[in-house]
Amino acid sequence: MLTSKRILMCSALSAASTAAVAQTSVTLYGVIDTGIEYVSHANAAGDHVLRMPGVTGELPSRWGVRGTEDLGSGYSAVFTLESGFNVRAGDSGQGGRLFGRQAFVGIKGPQGTLAFGRQYTMTYLALAGADLIGPDIYGLGSLDAYVPNARADNSVTYVNTLHNLTLGAGYSFGRDAAGTGNSPGAGTCAGSLPGAATACRDWSVMGKYDAASFGVAASYEEQRGGPNAAANFFDGVAPTVLASSSDKDARAHISAYAKFGDAKISAGWLNRRVDTESAAVADVRSNLFFIGASYLATPALLVDGEAYRIINKDHDTRAAMGTLRGTYFLSKRTALYAQGSYLANSAKARYSVSGGGGGTTPVAGTGQAGIMLGMRHMF
């Protein structure tokens, strides 16, 4: 028979165990998204392609675990491990990395969150409110593929929200430590080189204000050159080599949105500047504008769309693109969608309407149409 002392001890241990469980939370989550896509004028002969795209549909497919542990006094330890994958073949995204989307650990407290690892840059976080189409196959990524993939290795980030105002900053010691070129638009640049303090570095800052019916945001990000670094362009022009740590690829952004009942409108501007030391390499100045709207037509049907215009003056390339999408919710987690987009290229431009995994680059000056029917499930 247990003595009263032993009973009290067991009760105390049980209570401590229950408290520890209550203070720690780990969540498994994910998105599975795929469908069938049609793209016109997908090669030099003007042929179309009908395929299951390799990269994404409405939302990038992923699975991950995130967790938090209460440390007391308003502080907690947080972590996220997130892996991207392609439904078509079941292979890993982001150059084959296990946790290529996010992999970080940090401390969250009353003064904000400080985190370390592979993380989104402030460009991505600042655009999230106004970019209504988001990381869709026919979104901003068709004209600047870095935008929906704006993340960096070896990064330290700090984000703090006070009432409606959020401020953030990030610094990467080397934005692509694996050297796989898995961040479109960023090239390959591992960094952390002796004697080259700024090689392959990335830093970004943002500020945004989100009220109940409107929001505004701004951000700035600067990438430095180094071994194997390149500023990739998706207008058909060859990449600009960023051989020196003094070479820069910078993006500045301003956007805003407003809500009117079940409707939302937004607009934004993204400026890109590439400056190199080499006289043989042309610097680049591009401006990407977008305007969007969404409307919850019924509790089960969301209709949204965006229009885009990019002007790359130094390359003499321009494009205009419009996307319309409808999403029908079968449940809170499962949805069907249909979307279409058309992109018009200027005489020298070869932008592709689809961000679905490459292989659809048109002849310079040729327009493209894209249509996709798909399904996504969230868990």
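In which sense do E8 and E9 pair, and over how many bridges? E8 and E9 pair in the antiparallel sense over 8 bridges.

## Basis of the model

This is a predicted model, in which local features need pLDDT of at least 70 and side-chain atom pairs count only at pLDDT 80 or more, while totals for chains, interfaces and linings use all residues. Residues are numbered from 1 along each chain as its sequence is written, and side-chain values use heavy atoms, with hydrogens and water left out.

The pLDDT is the predictor's confidence in each residue, from 0 to 100. Its mean over the chain is 90, and 91% of the residues reach 70 or more. Over residues 1-22, however, the pLDDT is below 50, and this stretch has 1 contact in the model beyond near neighbours in sequence; a contact means heavy atoms within 4.5 Å. Where pLDDT is low, the predicted coordinates should not be read in detail.

## Strand pairing around E8

Helices (H or I, at least four residues) and strands (E, at least two) are DSSP runs, numbered from the N terminus. Two strands pair if DSSP finds at least two bridges between them. Strand E8 (residues 151-162) pairs with strand E7 (residues 112-120) in the antiparallel sense, over 7 bridges. Within this pairing, Ala-115 has Thr-157 of E8 as its bridge partner.

Strand E8 also pairs with E9, where Tyr-171 is the bridge partner of Val-156. E8 and E9 form a hairpin with 2 residues between them, and His-163 in the turn has a positive phi of about 60°.

## The disulfide

A disulfide is a pair of cysteine sulfur atoms within 2.5 Å, and by this rule the count comes to 1. The bond joins Cys-189 and Cys-200, whose sulfur atoms lie 1.9 Å apart. The pair links distant parts of the chain, 11 residues apart, with both cysteines in the loop between strand E9 (165-172) and strand E10 (202-210). The link is left-handed, with -65° about the S-S bond.

Residues count as buried under 20% relative accessible area, as exposed over 50% and as partly exposed in between (1.4 Å probe, protein chains only). Cys-189 is buried, at a relative accessible area of 1%, and Cys-200 is buried with a value of 1%.

## Positive phi in loops

Most residues other than glycine have a negative phi, and most peptide bonds are trans. Cys-200, in the loop between E9 and E10, has a positive phi near 65°. Asp-316, which is not a glycine, has a positive phi of about 55°. Asp-316 is found in the loop between strand E17 (301-312) and strand E18 (317-329), and counts as partly exposed at 33% relative accessibility.
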